[in-house]
Amino acid sequence: MNWVLRSRAQTIALVLAFVSLLGAGFMPLFGGPGYEIALLAGLLLPSMAAIATALDTIRRRAEPFDAFSRGVASGTLLSLVGFSTTVIQGIRLGFCDAAGGTALFALGPLVGSIMGGAWGALVGELLFFVSRPTLRKVLAFVLGPLGPLLGILLSVWRFYSTPTIFAFDPFFGFFSGTLYDTVVEATIPLLTYRLGSVLTLLAAGIFAAHMIHGEDGRPMLRSLRRPGMPLLGAVCATASLMLVLEGWRLGHWQTSVTIERDLGARIAGARCDVVYPRSMRVEDARLFARDCDEELPNIEKYFEVPPTGRVTAFLFRSSADKRRLMGAGDTF
């Protein structure tokens, strides 16, 4: 803890985390441990950890592994401070689902803040290539939140380009997609997704351990004379990549193609393409396609829009299956 007290950036980040999340807890939606406060903390804390760690790294000219370790510690401390505010609000208001809310916080902003701290360590290392100290600090504030921001933009792009409305992200954790499905739990997909996050952190830590600053201050590779460590890092990185690629099977992400692959059947109407489960009768799918073809002109006329071209409708086996594949269980 002494290194935190000696770091102005880390101290300010801790104070900001406590004040902002404690203040948010006075709004009914964010009172006590739960999904909503975990999501808000996941949006705020990783950027705070990244900025503080980047500033800390360039000020101390820390070695890569030292910077990485401080980033992990920074993210952990920030998330613990953030969680303490939810406990305070829970004591004040009463706990609804303390165990579930704690699990969501641990799998969301706790791991996400550590990822943010690790990102901040990388930013700090990259800023060694910038010669002007003032510009380094400015870029720390710009590049620090860039990683979490890119994750948010990627999720927004998925909302626009795919049928899915849920999102898994290295930094903010999990966005359920709709507030009308009020039960949000720590599920198997979230656990497997965070397994990928842990593997990524392990690979990054092993890589950082093999880096050192040369005489000119620039990062360079070194040998630790432990051949098992690079192999372990490669295994962790490969396993993390496999989890990303197989994410559609694990429920981390979906596209129109993967949803159709899961459901297994398609039928084409005049303007409506209907994707439906193999277990559904073809006659029922054809009837739905005819209904869709008949209703489309009425809908376009009602909203006063020109013909929209072809439309794809997805039919699911159940509300649970619909939630798994696109994010809205009992919500139309």
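## Where two helices meet

Let's start with a meeting point: Ile51, Ala54, Leu55 and Ile58 of helix H3 are in contact with Arg136, Lys137, Ala140 and Phe141 of helix H6 (contact means heavy atoms within 4.5 Å). By residue type, this contact of H3 with H6 has six nonpolar, no polar and two charged members (Ala, Val, Leu, Ile, Met, Phe, Trp, Tyr, Cys and Pro count as nonpolar, Asp, Glu, Lys and Arg as charged, and the others, Gly among them, as polar).

This is a predicted model, where local features need pLDDT of at least 70 and side-chain atom pairs count only at pLDDT 80 or more, while totals for chains, interfaces and linings use all residues. Residues are numbered from 1 along each chain as its sequence is written, and side-chain values use heavy atoms, leaving out hydrogens and water.

## How the helices cross

The axes of H3 and H6 (residues 133–143) come within 8 Å and cross at roughly 160°. H3 is therefore roughly antiparallel to H6 (angles over 145 degrees count as roughly antiparallel).

## The largest core

Now find the largest nonpolar core, which has 35 residues. Such a core is a set of buried Ala, Val, Leu, Ile, Met, Phe, Trp, Tyr and Cys residues joined through side-chain atoms within 4.5 Å, and buried means under 20% relative accessible area (1.4 Å probe, protein chains only). H3 gives this core its largest share, 13 residues. Leu55 and Leu190 are among the residues with the most contacts inside the core.

Leu190 touches Leu104, Leu107, Phe168 and Phe174, not counting residues up to four places away in sequence.

Notes: Buried means under 20% relative accessible area, exposed over 50%, partly exposed in between (1.4 Å probe, protein chains only). Helices (H or I, at least four residues) and strands (E, at least two) are DSSP runs, numbered from the N terminus. Axes are lines fitted to C-alpha atoms, for helices over the stretch in contact, and angles run from 0 to 180 degrees between N-to-C directions. Angles under 35 degrees count as roughly parallel, over 145 as roughly antiparallel, 65 to 115 as roughly perpendicular and the rest as oblique.
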